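This report describes side-chain pairing and packing in one protein chain. Please have the sequence and the model open while reading.

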Amino acid sequence: MFRGCIEPPVTPVGRDELELKRQRLYTELLRAAHAAVEHSVAVRENEPDAKPSAAAGHLESICERLESLVDRLERTLIAPQSQSQAQPESIELPPPPSPPPPPPLEAEEAANPEDVQAEAPPSSIMSVAGFEDIVAGPLSKYLTLSAKIGGDVAQHAELVRSVFALQQQYVTLATQIAQPAQPKQAELLKPTSTQISAIQDYREKHRTSPFFNHLSAISESIPALGWVCVEKTPGPYVKEMNDAGQFYTNRVLKEWKEKDSTHVEWARSWVQTLTELQAYIKQYHTTGLVWSGKGAAPSGGAPPPPPPGGLPPPPPPLDLSALKLESGGDDRNALFAQINQGADITKNLKKVTGDMQTHKNPSLRTGPAPFKTPAQSGSSAAPAAPAVAKEPVFTRDGKKWLIEYQKNNTGLLVDNAEMNNVVYVFRCEGSTLTVKGKVNNIVLDSCKKCSLLFDSVVASVEFVNCQSVQMQVLGFVPTISIDKSDGCQMYLSKESLGVEIVSSKSSEMNILLPDASGDYTELAVPEQYKTTIAGKTLKTVCVDSLG
């Protein structure tokens, strides 16, 4: 009955715990045996003439076996403790099976026994298991929802899957080897860096995608996987990247919350992925990636590429035969003779007259540019190639109107627009756009000196990275969003006086309100704030300009 027992522990604490378990088992068996004997005696006294049945005979055999077991247990308990520890075979424990012989090591592995001992199964390492939980949890949900949405989002998610797999390999490697040198770390991180660049390039090549906000949310926050290179504060770095991507995840929530809840869950799953990554770093890698292994870094892989422009040529060899120690005595004597001239040393200097001074002779200010050292002018020696002018775009792609690279075009017109249409204006300059009808959303991205005239919108009008733009609404607009823009004039109608204006990192914003006479009253949006501490909270108020 003791064949299931394992080999007795060798530590004193383990032996005490095992002995306590044995005592409890023996006590329970003794109680069961005594109860069985008493039951058998009681049955015999109550029915002395009854013939034993099959059940009674079985009970008799059980009682006899229990009595013999009780005798053996009593002898075991009475035996000295030292004898029980010295001879564990008295409990009839079979010898433990001998472990199978280890597989033969190859020549390279036998030469490095420390590398073999340093390797450990990834599942037994808590830091690797924690990263696997992120991959199997919120990241898996994000990948599933991306496949459900399909299109560019699904293809983009496959790139994200690959970069997380590469980082999981890197985190696992950190538990197997000691921290390598900086060039070796750069070599090991090169696949991850290449994959992150591919994710960001995918967004740039699909700017006309209907899921551009989805692609931007991932591209802006995927650099969070670079936390393995950040020392001391990797957790706050991941939070910063998560906040950078939330500008676009909020757009996804705002655009799809009334249309399809799958997109809402998609955005939340990605934010949850980075949030759990930050918590994982705080628990296992608070001050940077922990290299807990003892092995050496794996060999192989291409070395990092040389810097742009190639390596500088080697210096010419020094001709030692041309050096003569005795030559130069005459030059030194001549130098000391000039120094010892005293005041006469300046008699050969040329006097600077008034016509040679630039502050007295303005015609000299139009001369050549001042001299610059090669270090300063090296980067600007080659003239920068002029930017290639792209063809202007004015097209409609399903529900989206695309207007791009228009310059000095004041006749742009969006007509026959529907309520679910989106108008996207990108990199236009000196142009005027008129939108007739009611549309869902209007976005001006990276535009300069442009004007917008529209009837009504359902959601909002957005200005991102714009300069010197202005808009006028003839009907109703619920929200105006201004981000990273300088100079924005907003002419409102009487129907739009309840508009909400959300601004961040922007300046020179003015709102013009209509009055009864038909003129406009100009009001400036505050740009300066004052924050005070009130207990454990902050109180922020606008500071009016004194100008």
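Is E220 buried, partly exposed or exposed? At 27% relative accessibility, E220 counts as partly exposed; buried means under 20% relative accessible area, exposed over 50%, and partly exposed in between, with a 1.4 Å probe and protein chains only.

The model is predicted, so local features need pLDDT of at least 70 and side-chain atom pairs count only at pLDDT 80 or more, while totals for chains, interfaces and linings use all residues. Residues are numbered from 1 along each chain as its sequence is written, and side-chain values use heavy atoms, with hydrogens and water left out.

## Salt bridges

Side chains of opposite charge can pair when their charged atoms come close. A salt bridge here is a side-chain nitrogen of Lys or Arg within 4 Å of a carboxyl oxygen of Asp or Glu. The count by this rule is nine salt bridges. The table gives some of them.

| Pair | N to O distance |
|---|---|
| K184 and E187 | 3.6 Å |
| E220 and R203 | 3.1 Å |
| D243 and K239 | 3.2 Å |

The bridge between E220 and R203 links distant parts of the chain: E220 belongs to helix α9 (residues 212-221) and R203 to helix α8, 17 residues apart. Helices are DSSP runs of H or I with at least four residues, strands are runs of E with at least two, and both are numbered from the N terminus.

K184 and E187 are three residues apart in helix α8 (residues 182-205), so about one helical turn separates them. Both of these residues are buried.

D243 and K239 sit in helix α10 (residues 234-256), four residues apart, about one turn of the helix. D243 is partly exposed, with a relative accessible area of 39%, and K239 is partly exposed as well, at 41%.

## Aromatic pairs and charges over rings

A pair of aromatic rings is described by the distance of the centres and the angle of the planes. Rings of Phe, Tyr and Trp (its six-membered ring) pair if their centres lie within 6.5 Å; planes under 30 degrees apart count as stacked, over 60 as edge-to-face and the rest as tilted. By this rule there are 15 aromatic pairs.

One of them joins F131 and Y280, an edge-to-face pair with 5.8 Å from centre to centre and 70° between the planes. F131 lies in helix α6 (residues 126-149) and Y280 in helix α11 (residues 261-284), so the pair ties together parts that are 149 residues apart in sequence. F131 is buried at 1% relative accessibility, and Y280 is buried at 3%.

In another pair, the ring centres of F394 and W401 are 6.5 Å apart and the planes stand at 65°, so this pair too is edge-to-face. F394 is partly exposed, at 35% relative accessibility, whereas W401 is buried, at 10%.

F131 and Y280 are also members of one aromatic cluster, together with Y142, F164, W227, W266, W270 and Y284.

A charge sits over a ring if NZ of Lys or CZ of Arg is within 6 Å of the ring centre and within 35 degrees of the ring normal. K259 lies over the face of W256, 5.5 Å from the ring centre. K400 lies over the face of Y424, at 5.0 Å from the ring centre.

## Nonpolar cores

A nonpolar core is a set of buried Ala, Val, Leu, Ile, Met, Phe, Trp, Tyr and Cys residues joined through side-chain atoms within 4.5 Å. The largest such core has 41 residues, and Y142, W227 and L277 touch the most other members. At least two residues each come from α6, α7 (151-174), α8, α10 and α11, with α7 giving the most, nine residues.

Contact means heavy atoms within 4.5 Å. Not counting residues up to four places away in sequence, Y142 touches A157, V160, I218, W266, S269 and W270. Apart from this core lies another, of 34 residues, among them I403, L412, L433 and L452.

T273 is placed in helix α11 and is buried, at 1% relative accessibility. With residues up to four places away in sequence left out, T273 touches I134, P138, L139 and F164.
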